[in-house]
Amino acid sequence: MFTRRLVLLVALTMLAGAVLPASSMTIAAPVPPLAACITGAFSTEEDFMAREKIPFDGNPYVSDGDMLSFDGQVCMRNAHLLAAWFAAAPGPDLGLDALDILNIGDVAQPTIAFSTELDDPAARFTAGDLLFTPGYAIPNIALLHPFGINYDIGLDGVQFIGSQDKILTFVAALANTPRSEFLKNPGLLQQLLRRYGVDIWFTVEGTARIVGAIQILDGDLLSAANGVIVAAQSALLPASVPAGLPTRGVDFGLDAVATSRNAEAALASLNFSTEILYDGTELSFTDGDVLRMGNGVVIKHWELIKLFYPAADFLGLDALAVGETLPPMCENQITDLGGLQVDVADINAAGRGEIGYPTDHPFGASIPFWGTICNDVNRFRVVFRKHADGPGAGTGIPVLLAEGWKVKTRNLITGACTDSAFWFSDANGWYNGPTYRSLLFCNPNLILTNWKSASAPDPNALYRVWLEFDRGAGVETEPAPHLARLDNTQPKINNLGIPGGACTTFSSSDMPIMVQGDVSDDHFWYYRLSIGGDLYAEHYYNVVRYYDAVPGAAHLNAAGTTPLATLVDLHTVTVFDLAANPVRCAYGVRLWAADRTIEGYFNPPFNLVGGYFRTPTSQAIYFDYAP
Amino acid sequence: MRRHVHLAPMVLMLCLLLLGPHAQAGPQGLPNLPACKDLAFSTEEDFLSQGPTPPDGNPIISDGDLLGLNHAVCARNRELLASWQVQPDLGLDAVDVVIADAQRGLVAFSTELDDPAGRFKAGDLLTTNGAIIPNVTLLSRFQVGRDLGLDGLHFTGAPQQIVAFLDAAAKIRRDEWLANPGQLVTLLNRYEVDIWFSTEGTELQAAVTPILDGHVLSARLGAVVVNQADLLPVTAPAGIPNRGVDFGLDALAASRRGTLETIRFSTEILFRGTPGFTDGDVLKKGDGIETTNSALVAPFEPKARFLGLDALYINLDPAVNWDRYLPYILKHALRLAE
């Protein structure tokens, strides 16, 4: 055992140096920041380049086989995980498909359970085997043996259940049980698990039909100790999602699992991700989001990866581990922004909010900020900086006394929230921290500040915004800025046409007539046509969004009509939508064009904050109708 | 001169034999394969079809089944694997429909899982006529020396030559490929065909060129046919290290002529920029979405609009008259006879 530990330690040290550029080899080998993953870790589906914050070894390349922390660090390279099998020289990157951090308290001797995406080139393990950093391997067929499956169907997620002591004792016992032993006697694993009072919950890559009617889906959570389905696919997702076969209709897969080691609490607190996304009316999620059993999204994918500052806001999620208990902490941060109070987790890499529509939304007019100010903060402010200007100092966002912002306060005698007071920042946007916290009692949703974005240096640009705070030792900032894309420009209807042009006289045989339009906006969303005339009630046609699969959207994209500066067909209208026998008269067709901007409003005297989607722009064209 | 007279008919006969009925996909053939003449694909996950019931009466569609236009189930996974009589569903990760014929159908593909009997790996190139080309053999010209998986697959060359190549490949055992991986390039050169493919894994230390799982590779040339960065519109940050992200390449289709502009593909991960796409959409090289995943799967009337896309074949040579065998054969036969 000691020899194994020594080999692992030496290998880890060698590898830490091996992943460095050659020119750095003479410098002491960088040590992987394992402690950063004490609260949990994950891996992505694809490789990417980390930006702004370079990993411990100086290499910005992040592989889908690396173990990543929630605070933007590479805790272990893939080669570190596999060090025990490649002691002589760094091995190839084999990916990281399942992960459970069993013990990283001892940095020199971490115990991590995992699986790879690819087989070992030397055939010592397959991508379906459960591996352990000390160099142990449990073959896939041993995990599946209790289910009567005798072939490798992959390993997608893993979670150990039981006390940490028992789990580590079980892992230590593997030192005397080589992989070949499990292959000869696959039932041995179940015996060992029962002997040590632990279980391995896991998910597989493939679907298997067992003798009889039982079927294992790759979306089911399985128990290696008991040979049962711990949680069927249908139980994992809310009833509104068609999850489970055959009854509800779809197997969404189960790609990553992580939960408590306590068997009683484990199911209720099960975190997982799926293999495919779902775009439903009540719930939507991507295959990179962290979901909670029966409860939908608990961590948006961007929240996991944002501290790596990748060039795309989605990288997939292949493996996930969470610590037994997260240390209690208060984090000074912006949590929401914009008139519709968009969670910062719902803001993508383009600075636009994703709030359930199949598109995203910039911000305009008033942009309020919500957040957390911890007890030790003396003062705070929200600042902005144009993204194109790169890193640098931000400009504070003030709300001055002159704006008359009034908030509720407690009556000194009764303690009730019946009084009011003015609340404001200084000219640089700094607010008093203790006062802000005290105001939360009577104003629980009190904003941090409000940004009149139309007066920003560029009212239509992408900005970084972040919280600055002072706890007595100088100004500190949030770990990462947030992005906010401004749009303070209405959509433009450049042209509107009907056959023959305005004032043409149409007869009943000309109906319906095609309406053409030329619309542009950086964040175009939809158009709508209406027809009216005489005393008839105006008839509105269906809204046509740029992403709708309808003929009326054929010439639309996210920036308006296409091609640019060209009248294109929208859809037809007819006077017969107004009445069965419309009278001879002048009629009008109106085009409404809307962008996706969330416009906020802030009424300081009443401390009212809200928002809406920007009101559409409209333009009309008129014609005569003679039956 | 006399020798030419004797050799030419012999070579001609040999060529005709090669073009004749080749080893088929089991005794039943692939009766529904013609429905995949123009398009074939597989999903990432299993689902229940609420559309017309498939010919075998089973409405459950596996991620290992070969699907086509108009809710066609062109081949169940077990039919694709009939040459090996594999019972479990092993998934379908890459596909190319070489001949979409009920009796003489020929499909090249890869699975998600290894053969339970150990005869092939999930990264190997398989064909319905029983060929197994090991993954390391596909990568032999890249000098990788290990299995990187097989995610996308497309043959280029004249169809009859591809058929001839695959018939020749079916005669070579897997262990023979492994013992002599160089014979793949020899065969590809002989039949003037190429295998374009993408991998599951990345190998930055490859001796020839770094391999990203988002590149289109050539087995014959040992080169990157299309770089990840060139597959996607410039607005997507595709390509490492310059643009920042490897989006992967999960499914691949193109014309038999190997015209780069005809390439269609899907990625491993979605992109939410402009133009956005999901990992289930069919994308056109450099041009974004051509067909959305929901449009692809809609005829099956699934209960979800997205089911992913793992394997893809599109007939992108509709006007090419490849079936005029004789002039081609005569030309080559006479050349060989000389």
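How many residues of chain A are in contact with residues of chain B? In this predicted model, 48 residues of chain A touch 48 residues of chain B, where contact means that C-beta atoms, placed from the backbone, lie within 7 Å. Local features need pLDDT of at least 70 and side-chain atom pairs count only at pLDDT 80 or more, while totals for chains, interfaces and linings use all residues. Residues are numbered from 1 along each chain as its sequence is written, with chains lettered from A and ligands numbered from 1 in the order in which they are written.

On the side of chain A that touches chain B, β2 (48-49) and β18 (278-279) are the elements giving two or more residues. Strands (E, at least two residues) and helices (H or I, at least four) are DSSP runs, numbered from the N terminus. That side of chain A divides into 24 nonpolar, 10 polar and 14 charged residues; Ala, Val, Leu, Ile, Met, Phe, Trp, Tyr, Cys and Pro count as nonpolar, Asp, Glu, Lys and Arg as charged, and the others, Gly among them, as polar.

Now look at an open sheet in chain A, where four strands run in the order β16-β17-β20-β21 with antiparallel pairing. Strands pair if DSSP finds at least two bridges between them. Because β16 (256-258) and β21 (296-299) of chain A each have a single partner strand, one side of each is left without a neighbour in the sheet. Strand β20 (residues 290-292) of chain A pairs with β21(A) over three bridges, and Arg292(A) has Gly296(A) in β21(A) as its bridge partner.

Definitions and conventions
Two residues are in contact if their C-beta atoms, placed from the backbone, lie within 7 Å.
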